[in-house]
Amino acid sequence: MTAGHPDFTDAPWSERPRRAVRRAWARVRLAAAAGARVEEPAIVALAATFLLTLYFLLVPSVDLAVSAAFHEAGGFPLSQEPVLRALRKSSTWVMGLALLGVLGALVKRAMEGRPFTSRTARKGWFLLAGLALGPGLLVNGVLKGLWGRPRPVHLEAFGGDAPYVPVWQISDWCDANCSFVSGEAASAAWTVAAVVMLPAAVRRWLLGPVVVYAAALSLNRLAFGGHFASDILLSWSLTALVLGVLWRVMVEAPAPARRRALALRAARAETAG
């Protein structure tokens with residue numbers, strides 16, 4: 001609910017789509033009006049993306065040097081290690097459990113009659129939108145599908161036939177599911193963000209292990225020759241950028257508007273009484 005707008009659930013069905021759009025736009029304006037602080041996640045992620053891009057464009061040899069550390073004459077031997085292969089497979093189960101937890105929290109809030117208004121519900125919708133727009137659309141749909149960067153295992157330096165392609169440069173050396181950027185690293189970053197659904201007491205001690213687990217999943221792609229260091233780091237920063245913007249719009253922005261709306265409703269009730 002936003003100040004100056006009737007309750008969404010009081011509107012006729014024909015008016016609800018229009019009011020939903022107005023409410024979403026009001027949240028965006030509120031987020032912009034609140035002002036962005038330098039330490040906000042979106043600002044930090046944007047700066048990290050810019051600096052990482054600049055670094056790997058100026059020093060592309062770092063990508064090759066990091067991948068070379070995992071390469072031997074026969075290829076990337078760690079890709080055959082059972083423990084590391086099991087680690088990679090575990091990501092599907094961990095991410096699935098996190099997604100089920102988010103959906104369960106949303107169902108619970110819907111049964112309580114607060115599918116959008118509670119902060120927990122807004123966190124849940126934020127995570128679903130972040131998964132769809134970050135790892136889903138931006139990483140796997142746009143970058144991996146269109147940029148055409150060959151993976152380390154496909155490079156001439158590591159026994160393949162493709163040249164090294166710098167970050168953000170579109171090429172035709174890969175047709176689909178390419179190296180830039182890492183989809184699994186983006187999913188790992190989202191898994192870290194999913195910790196926000198946990199109670200604060202649990203979140204404090206679980207955040208560290210989840211970050212370590214997500215970092216291990218990302219480094220696994222380096223060890224397997226599936227991605228460059230730039231793919232991993234830019235995947236994290238881009239996913240963080242998407243999540244940071246969504247957090248501001250979907251979680252933080254509605255809160256002050258809802259407080260004002262509740263205060264206005266209370267004042268009207270007191271006047272009517």
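**Helix packing and nonpolar cores in a predicted all-helix model**

The crossing of α4 and α6 is left-handed. In this predicted model, the two helices pack with their axes 10 Å apart and at an angle of about 40°. That angle makes α4 oblique to α6. On the α4 side the contact involves R88, V94, M95, A98 and L99, which meet E184, S187, W190 and T191 of α6. Sorted by class, the residues of this contact are five nonpolar, two polar and two charged.

The chain as a whole contains nine helices and zero strands, and its pattern along the sequence reads α-α-α-α-α-α-α-α-α. Of its 273 residues, 40% count as buried. Among contacts with a separation of 6 or more, 73% are accounted for by residues 24 or more positions apart.

Helix α6 also packs against α8. The axes of α6 and α8 come within 8 Å and cross at roughly 45°, and the two helices are therefore oblique to each other. Here α6 passes α8 in a right-handed crossing. From α6, the residues A185, A186, A188, A189, W190, V192 and A193 take part, and from α8, I232, S235, W236, T239 and L243. The contact of α6 with α8 comprises ten nonpolar and two polar residues, with no charged ones.

The contact is formed by A214, A215, S218, R221 and L222 of α7 together with A229, I232 and W236 of α8. By class, these residues are six nonpolar, one polar and one charged.

The largest nonpolar core has 19 residues, of which F126, L127 and W190 touch the most other members. At least two residues of this core are supplied by each of α4 (82–111), α5 (119–146), α6 (183–193) and α8 (229–252). Apart from this core lies another, of 15 residues, with V139, L143, F180 and L222 among them.

The surroundings of F126 can be set out in detail. With residues up to four places away in sequence left out of the count, F126 touches V196, L243, L246, W247, M250 and V251.

A residue of another kind in helix α8 is A240. A240 has a relative accessible area of 32% and is therefore partly exposed, a class that lies between the limits of 20% for buried and 50% for exposed. A240 and A48 are 192 residues apart in sequence, yet their C-alpha atoms are 9.6 Å apart in space.

Definitions and conventions
Residues numbered from 1 in each chain as written. Predicted model: local features only at pLDDT ≥ 70, side-chain atom pairs only at ≥ 80, totals over all residues. Heavy atoms only, no water. Core = buried A, V, L, I, M, F, W, Y, C linked by side-chain atoms within 4.5 Å. Buried < 20%, exposed > 50% of the residue type's maximum accessible area, 1.4 Å probe, protein only. Helix = DSSP H or I, 4+ residues; strand = E, 2+ residues; numbered from the N terminus. Contact = heavy atoms within 4.5 Å. Nonpolar A, V, L, I, M, F, W, Y, C, P; charged D, E, K, R; others polar. Axes fitted to C-alpha atoms, helices over the stretch in contact; angles between N-to-C directions. Parallel < 35°, antiparallel > 145°, perpendicular 65-115°, else oblique. Left-handed = near helix turned anticlockwise from the far one by under 90°.
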